[in-house]
Amino acid sequence: MIYTENQQEIAERIDADVSKKLWKDWKWQVKNRIRSLHQLEDFLDLDLGEEKRKHIQQTIEKFPLSITPYYLSLIDTENFENDPVFMQAVPSIRELDRSNEDMADPLHEDKDSPVPGITHRYPDRVLFLVSNVCAMYCRHCTRKRKVGDVDNIPSKKAIEQGLDYIRNTPMIRDVLLSGGDPFLLPDEYLDYILTELGKIEHVEVVRIGTRTPVVLPYRITDELVNMLKKHHPVWINTHFNHPRELTESARIALAKLADAGIPLGNQSVLLSGVNDCPRIMRTLVHKLVTNRVRPYYLYQCDLSEGLTHFRTPVGKGIEIIESLIGHTSGFSVPTYVIDAPGGGGKIPIMPNYLISWSTNKVVLRNYEGVITTYKEPDSYEPVFCDRKCDKCELQLSLDGATEYQAVGVKKLLADYNDALSLVPQDNERMEKREHVEG
């Protein structure tokens, strides 16, 4: 059993009668989360100093403190000021800094919500917020406006409304369960939600976003895993930001999920002072793939309130991606994205490897800086295609094929669509034109 001396000391400060078995009980961990400044100092046997204590208390009044005993035990108290676990878990006075760009809901999840708990931004998939409770309160959370707020706890009625929306919207083939953290729900309740989604014919895959393998790995119980196995295909994305979070307990939790045939991905957030270093990120992705977790996204930090001090320049993310491409396995390289403010969705931001192009050639560079060319075909015509998609009896006649109206740039590229341009709303030139024509 994993039970370090540091964990034993913290456990005994919480409860003198605590046992190793109780420490690994996820419900005990949730019940005994550290929620006050006094507990923080006491359980870590740490003197933060009067000024830092004052600053933390000020921050707690706006953004709560909540840390699992397990995650608290990972803090290096000898160097806590620079410890990546401390910075992700303990409030900082800098969370109260507000820039002009900060927003409560920068991704407009609420504005893209047709019914409570559902965000429908992309044509074929929805975000389904089934919980607002997390194992702990991460300092860089993009949903600070909701997590832990009793006014945002999804009711059974809200869950049913979300399920009804998915049932009645046949274009939805992918449902992402998030929150909060879906794994903070009881097994039976999560089983019910997955069962109902499984009855919907057009839902092909369900994804679950969770940080429990990072901050509460004991939540990944045999009972939970056996329940999830009934609902394949289920995909799980977790949220490791630093190599130090991949403890033995975390690795055991990931192994249980992977052994159950559940594909695992990881979504990291680029955080100043925590992981904004090519060596740290390379070590993280290597440890992830060793544990059968595919690095999925590296997020640029959102423009949410209280995150200004975590944000890096976009150039830092590009630098990190440059340090990975060509220097490690391709499946170890996450896609670096900005989740566009205003609900524009995830926009990939990658180094520029396409230098130039002409009618006959494209000019490329590789990770070493070698510049090369790729010859375009002298003549290209779609094979067996007359570009009359509405009457197609070839590829589009395959069983199960569906076609939805193209939007965005796809509309301009589609041979079956007559659109010539995309014009932003309130375009001044078009308004002038309408005035003249009127």
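**Close-up 1. Cys 301 sits too far from its closest cysteine partner for a bond.** In this predicted model, the sulfur of Cys 301 is 10 Å from the closest cysteine sulfur, the one in Cys 141, and that's too far for a bond. Cys 301 is also buried, at 6% relative accessibility. A disulfide here needs the two sulfurs within 2.5 Å. Cys 141 counts as buried because its relative accessible area is 19% and the cut-off is under 20%.

**Close-up 2. Glu 245 is a buried acidic residue in a loop.** The loop in question runs between β5 (234-238) and α12 (248-259). How buried is Glu 245? Its relative accessible area is 0%. So what does the side chain of Glu 245 make a polar contact with? It pairs with the side chain of Arg 211, at 2.8 Å. Leaving out neighbours within four places in sequence, Glu 245 is in contact with Tyr 70, Tyr 71, Gln 88, Arg 211, Val 214, His 239, Phe 240 and Ala 250.

**Close-up 3. The largest nonpolar core takes in 87 residues.** Nonpolar side chains tend to be buried together in soluble globular proteins. Here, the residues with the most contacts inside the core are Ile 67, Tyr 71, Ile 166, Leu 177 and Leu 228. Helix α12 supplies the largest share of this core, five residues. A second, separate core has nine residues, among them Leu 271, Val 274, Tyr 297 and Leu 307.

**Close-up 4. Leu 177 and what it touches.** Leu 177 is one of the residues with the most contacts inside the largest core. Skipping residues up to four places away in sequence, Leu 177 touches Phe 128, Val 130, Pro 182, Leu 190, Ile 193, Leu 194, Leu 197, Val 206, Arg 207, Ile 208 and Gly 209.

**Close-up 5. One cavity makes the count.** There is one cavity of 30 Å³ or more, and the largest cavity has a volume of about 40 Å³. Which elements each supply at least two residues of its lining? They are β6 (264-269), α13 (278-290) and β7 (294-299). You've met Tyr 297 already, as part of the second core.

Technical notes. Residues are numbered from 1 along each chain as its sequence is written. This is a predicted model: local features need pLDDT of at least 70, side-chain atom pairs count only at pLDDT 80 or more; totals for chains, interfaces and linings use all residues. Side-chain values use heavy atoms; hydrogens and water are left out. Helices (H or I, at least four residues) and strands (E, at least two) are DSSP runs, numbered from the N terminus. Buried means under 20% relative accessible area, exposed over 50%, partly exposed in between (1.4 Å probe, protein chains only). A polar contact is a pair of N or O atoms within 3.5 Å; within protein, one must be able to donate a hydrogen and the other to accept it, and residues adjacent in sequence count only if both atoms are side-chain atoms. Contact means heavy atoms within 4.5 Å. A nonpolar core is a set of buried Ala, Val, Leu, Ile, Met, Phe, Trp, Tyr and Cys residues joined through side-chain atoms within 4.5 Å. On a 1 Å grid over the protein atoms alone, a cavity is a set of points where a 1.4 Å probe fits but cannot get out, and a pocket is an open set with protein on both sides within 12 Å along at least five of seven lines; lining residues have an atom within 4 Å of a point. Grid points are joined across faces, edges and corners, and a volume is the space filled by probe spheres set on the points.
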